[in-house]
Amino acid sequence: MPPEPPVLYDFRPVVEKDLPMIAGWLAEPHVAQWWDDPETEIAGIRENIDSISVEPLIVELDGKPIAYLQSYDPHLEDGHPYADQPFGTLGIDLSIGVPDLIGKGHGSAIVRQFVEQLFEEGAPRVIIDPHPDNGRAIRAYEKAGFRAIDRRHSEYGDVVLMAVDAEGDAQEGGE
């Protein structure tokens, strides 16, 4: 029997009608413990729909929305705590909203596929910043090729700053 083809995800921009679904995901216990209260988060996501610095996305599997993903450019926000990363670095955040899909390898697969797209678009480095207690996320990101480069405390809380560099772009720290 031939091996199964890798799962491919689709990434599409968040639109206003997605916000109630995302709010539902933010209320799920496996998501809620890592995010602020849903009203605050939804207000921020709504603002980011038209943002230049943040791109909010829905991850779809077989045409069904399963996760919220956002990418951002820390160099486009004044005083961003990750602006010390090499120019062109993009940050991402991921939350799988569907509880039945947790712990099945989707997190690392989604991140791996999306990071490849960002590298193809020219990003030299991608960062992600899970909470130090979020072992499941840290393991998923390590599986996707990220490595811990720093421990930070900022307006975003206590984080493990993790990075993966494009081939041939092995940089440490900032510029």
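How many salt bridges does the structure hold? The answer is eight, and they sit alongside three aromatic pairs. Please keep in mind as you browse that this is a predicted model.

**Aromatic contacts**

- The structure holds three aromatic pairs, one of them formed by Trp 35 and Tyr 68 in an edge-to-face arrangement.
- The ring centres of Trp 35 and Tyr 68 are 6.0 Å apart, with 70° between the planes.
- Trp 35 belongs to the loop between helix H2 (29-32) and helix H3 (38-48), while Tyr 68 belongs to strand S3 (residues 64-72), so their pairing ties together parts that are 33 residues apart in sequence.
- Both Trp 35 and Tyr 68 are buried.

- Asp 150 bridges to Arg 152, and their closest N and O atoms are 2.6 Å apart.
- Asp 158 pairs with Arg 151, with 2.8 Å between the closest N and O atoms.
- Arg 151 is partly exposed, its relative accessible area being 47%.

- Within it, Asp 18 and Arg 12 form a salt bridge whose closest N and O atoms lie 2.8 Å apart.
- Asp 18 is buried, with a relative accessible area of 4%, while Arg 12 is partly exposed at 22%.

Notes
Residues numbered from 1 in each chain as written. Predicted model: local features only at pLDDT ≥ 70, side-chain atom pairs only at ≥ 80, totals over all residues. Heavy atoms only, no water. Phe/Tyr/Trp six-rings, centres within 6.5 Å; stacked < 30°, edge-to-face > 60°. Helix = DSSP H or I, 4+ residues; strand = E, 2+ residues; numbered from the N terminus. Buried < 20%, exposed > 50% of the residue type's maximum accessible area, 1.4 Å probe, protein only. Salt bridge = Lys/Arg side-chain N within 4 Å of Asp/Glu carboxyl O.
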